[in-house]
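Trainee: I would like to learn how to read the features of a model like this one. Please take me through them in turn.

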Amino acid sequence: MVKVSAPGKIHLIGEHSVVYGFPAIISAIEKRTRVKAEKSEKIKIKNEVYQKETEFEIEEAVTAAKKSRELWKKGDKKSDFSELFSFLRSDFWKRNQATLGLIFERLKVVKGGVSLIIDSNLPTGVGLGSSASLSVAITRAIAALYAPQISNQKINEIAFELEKLNHGRPSGGDNSVCVFGGTIWFEKGKIEPVSLPDFLQNLIIVLTPRRNLSTGDLVQKVRNLDKNFRDQKIKNIAKATYKMRRALEEKDVNKVKNLINIAQDNLTELGISNPEIDGLVKEVRKIGGAAKISGGGGGTVICFHQNKEELIKLLKKLKVNFEQIKLGAEGVKVEKS
Ligand code: MEV
């Protein structure tokens, strides 16, 4: 039996513009997907979060992976992945089947299955990278059983393929931070560590209701906007991301706050925020803080103020669901074998 865990993430800045080849600064958080795995004849999955379990033949998984890849190619040609997304949502376990099929193929497992128990304290659909975290944790767990010598680089490549099935044309930033951990500068697949100033080691996140669009749907929504309008907003976010790197190096609190706010304004204009979040952002700004969504469409709002007590007082007054999280968590790890 192996036990593996992978972190979730927040986007400090750069979500959506990263899909167009610009950089993002992404940090792993201490909320994790946990997978216990052992060899078995078939594939068995118990999902503790949804309290569901299933069992299927490896052939079914391989067939689901093959079909998903075909639909991905079709979607890529049309720049529309809705057929792929409908297929993967056609039954509760379809996505898991495709995931397992693809991992078995990539790791060249020819004989044997796996029994998985999945648990997580990462909420789904709130911009905290739950899908990437799950893809990474499952890939690492199966690799630990069948190909233990495999590098994290290879794990990341497989997880990126899984993320493409999940989201169409993701940037690869989410899976990279879930594999390597810490805080990263992610630009066109290139990954560099970023060190955060002390004032950003902890961040307050507010969890607003789960969004009703997936990451893939959100990316598609932005892509469908008028090109000139979209490109302008994407460039604004990209500029703010480059400046953020410098502001972090200079440990300049005011610049960091200003850049968080600029990113949020542009995400709002791209239609990625919602009125509830806009209201919260306004209140945080009123006390001299900064706030932005992480990922978008609803879900997580990262809030920052150099005077944490004042921010906490405000969030209590607003009666929102908030918590403090540590940034720069460890990447995927095999906890015990
Ligand atoms: C989602 O967590 C971040 C996005 O930029 C998509 C991506 O990077 O693939 C919206």
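**Salt bridges, domains and backbone**

Mentor: This is a predicted model. Start with a group of charged residues: Arg69, Glu105, Arg106 and Glu161 are linked in a network of salt bridges.

Trainee: What is the general idea behind such pairs?

Mentor: Side chains of opposite charge can pair when their charged atoms come close.

Trainee: How many salt bridges does a search of the whole structure find?

Mentor: The search finds 25 salt bridges. One of them joins Lys31 and Glu323, with 3.1 Å between the closest N and O atoms. Lys31 belongs to strand β2 and Glu323 to strand β11 (residues 322-326), so this pair ties together parts that are 292 residues apart in sequence.

Trainee: Which elements are linked by the salt bridge between Arg285 and Asp265?

Mentor: The side chains of Arg285 and Asp265 meet at 3.0 Å, N to O. Arg285 is in helix α10 (residues 275-286) and Asp265 in helix α9 (residues 253-269), and the two residues are 20 residues apart. Arg285 counts as partly exposed at 29% relative accessibility, and Asp265 is also partly exposed, at 36%.

Trainee: Next, the domains. Where does the domain assignment place domain 1 and domain 2?

Mentor: The assignment gives domain 1 as 2-193 + 331-335 and domain 2 as 198-326. Their C-alpha centres lie 25 Å apart. To the contact, domain 1 brings 35 residues and domain 2 brings 42 residues.

Trainee: How is the size of such a contact expressed?

Mentor: The size of an interface is often given as the accessible area lost when the parts come together. Here the area buried between domain 1 and domain 2 is about 3200 Å², and carbon and sulfur atoms give 62% of it. Of the area that domain 1 buries against domain 2, Leu12, His16 and Tyr20 supply 21%, more than any other three residues.

Trainee: What polar and charged pairs cross between the domains?

Mentor: Between domain 1 and domain 2 the count is 4 salt bridges. The rule also finds 13 residue pairs in polar contact across this interface, both residues being at pLDDT 80 or more. On the side of domain 1 that touches domain 2, the elements giving two or more residues are β1 (2-13), β2 (24-40) and β6 (183-187). The most comes from β2, with 6 residues. The residues on that side of domain 1 divide into 17 nonpolar, 9 polar and 9 charged.

Trainee: Now burial within helices. Which residues of helix α7 are buried?

Mentor: In α7 (residues 215-223), the buried residues are Gly216, Leu218, Val219, Gln220 and Val222. These buried residues pack against α2 (82-88), α5 and α8 (227-249).

Trainee: What is Asn166 in contact with?

Mentor: Asn166 is found in helix α5 (residues 152-167) and counts as buried at 8% relative accessibility. Leaving aside neighbours within four places in sequence, Asn166 is in contact with Phe85, Arg95, Ser131 and Ser135.

Trainee: Last, the backbone. What should I look for in phi?

Mentor: Most residues other than glycine have a negative phi, and most peptide bonds are trans. Gln51 is not a glycine, yet has a positive phi of about 55 degrees. Gln51 lies in the loop between β3 (43-47) and β4 (52-56) and is exposed, with a relative accessible area of 65%.

Trainee: Where does Lys251 lie?

Mentor: Lys251 lies in the loop between α8 and α9. Its phi is near 55 degrees, a positive value in a residue other than glycine. At 55% relative accessibility, Lys251 counts as exposed.

Terms used:
Residues numbered from 1 in each chain as written. Predicted model: local features only at pLDDT ≥ 70, side-chain atom pairs only at ≥ 80, totals over all residues. Heavy atoms only, no water. Domains from an automatic or database assignment. Contact = heavy atoms within 4.5 Å. Buried area = accessible area lost by both parts, 1.4 Å probe. Polar contact = N/O pair within 3.5 Å; in protein donor to acceptor, adjacent residues only side chain to side chain. Helix = DSSP H or I, 4+ residues; strand = E, 2+ residues; numbered from the N terminus. Nonpolar A, V, L, I, M, F, W, Y, C, P; charged D, E, K, R; others polar. Buried < 20%, exposed > 50% of the residue type's maximum accessible area, 1.4 Å probe, protein only.
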